[in-house]
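Thanks for coming. Please have a look at the sequence and the model first, and then I will walk through them.

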Amino acid sequence: MIKAKEISKVFGNNTVLKNISTTINTGEVVAVIGPSGSGKSTFLRCLNLLEEPTSGEIYLNDKKITDKKVDKLVVRKNIGMVFQHFHLFPHMTVLDNVTYAPQKVKGLSKSEAQKIAKELLAKVGLTDKENAYPNRLSGGQKQRVAIARALAMEPEIMLFDEPTSALDPEMVKEVLDVMKDLAGTGMTMVIVTHEMNFAKEVADRVLFLDDGVLLEEGDPKEFFKQPKTERARDFLDKVL
Amino acid sequence: MNLDFSQIVPYTPFMLKGIWATLEFVIFSIIIGLVLGTLLALCKITKVSFLKWIANAYTSIFRGTPLILQLMIIYYAIPQLTGYDIPIFLSAVLTFGLNSAAYVSEIIRAGIMAVDKGQMEAAEALGVPYRPMMLNIILPQAIKNILPALLNEFITLTKESAIVSTIGYLDLMRRAQIVGADIYRNFEPLLLAGAIYWIMVFILTKIGQAIERRLRQGD
């Protein structure tokens, strides 16, 4: 469970997040949507402290992680993240990408890490790409490797920052399918996305952000059928 | 035209020993330059302004003054100020190592800056601590990009090493001068020395290209 309590984030003169409070429960899949520049990604990045909130608190399983004394690295071990632009390590093979962090961070042996990695790569359908370097993969394959890499740390929560936005249209589905499977396993997920159908179908809850404010949150079916705010109606009219 | 290489034949072993004399301190200098240069580069990219200031000041001083002056200062000033009679070899290694570090730090800094910021974020998001992140993720990518620039620095260092002849270090250059003075013919020993420098740089270039090919296998 991860809880944000009145978090705000200011970059220079620009207030990107304004007093956002919400709780993401264990096993819940939450989609974060909203126009570009609304602060969705910043919100997500605050959850694993890639961005430090200017004010407010974040709790991971009731432990305050915005505390200065808390080791960010320990927090991040439990929170996986998938980026829009994959950020695979280009000088490592697919298998090394997936086994690196479990070995370095969790101290697993090479064979233990490889066992986990191979299971995960099989799960995302890339067993045959084990020894390939990332630049030999398509965007969809890269993103699936990135998901496997994050999962190899066996995190409690997975964060997805527009995981399909940089993909060619025909590769979106393979990534979303992997995410759907993951949601089916009961993984806690927070997904910043522009894939409204995916949000509608997979998410348990939708957060709608606009201009740094959490304007609406609720059940996806209700939200997409009948958004409460004018701003959300506008947005949905444009994207659907 | 009265070139007569037969006269330097007896001196060839003496001159060839200069190859090792030069290589020996160039290798040490390169290692010092690389290690110190990397540390300085890391200081330059931290958020700790004190470290940044030190590293920038260091670079400014060592890039802003002539190498030969630095060599003289280390060789003559250290004994005068501290009473420690610094050996020629140590002066040479120190000067070239410290000087090279200034240049190497700029090259490596540029290399690190050129690595996609997302790489660092990806490593951070996985909980990878700073040291392994730098050593395993960032620096290997940086070094691949800066290898040509780094190789250039090593080549410059190898050639500029001839300056140590001015403090009497028996390197290749100095030996060529000694032979020249001995046989009253300068052109032949200098030409031989020149050829040897060229071969050393040629080999260095080939090694560099081989490393570059190896590092590029991921592309």
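Trp198(B) is exposed, because its relative accessible area is 56%; exposed means over 50%, buried under 20% and partly exposed in between, with a 1.4 Å probe and protein chains only. Before going on, note that this is a predicted model, where local features need pLDDT of at least 70, side-chain atom pairs count only at pLDDT 80 or more, and totals for chains, interfaces and linings use all residues. Residues are numbered from 1 along each chain as its sequence is written, chains are lettered from A and ligands numbered from 1 in the order in which they are written, and side-chain values use heavy atoms, with hydrogens and water left out.

Where does Trp198(B) sit? It is in helix H8 of chain B, residues 187-215. Helices here are DSSP runs of H or I with at least four residues, strands are runs of E with at least two, and both are numbered from the N terminus.

Trp198(B) also belongs to a nonpolar surface patch of about 660 Å², together with Ile199(B), Phe202(B), Ile203(B), Ile207(B), Ile211(B) and Leu215(B). Patch residues have over 30% relative accessible area and no salt bridge; like charges are joined within 9 Å, and nonpolar side chains (Val, Leu, Ile, Met, Phe, Trp, Tyr) within 5 Å. A salt bridge would be a side-chain nitrogen of Lys or Arg within 4 Å of a carboxyl oxygen of Asp or Glu. Areas come from the Shrake-Rupley method with a 1.4 Å probe, and for residues only the protein chains shown count as cover.

Now chain B as a whole. Chain B has eight helices and zero strands. Its C-alpha trace spans about 70 × 50 × 25 Å along the principal axes. Of its 219 residues, 44% are buried. The accessible surface of chain B is about 11400 Å², and carbon and sulfur atoms account for 68% of that.

On to chain A, which has nine helices and ten strands. Its C-alpha atoms fill a box of roughly 50 × 45 × 35 Å along the principal axes. Buried residues are 54% of the 240 in chain A. Chain A exposes about 10600 Å², with 46% supplied by carbon and sulfur atoms.

After H1(A) comes Leu49(A), with a positive phi near 65 degrees.
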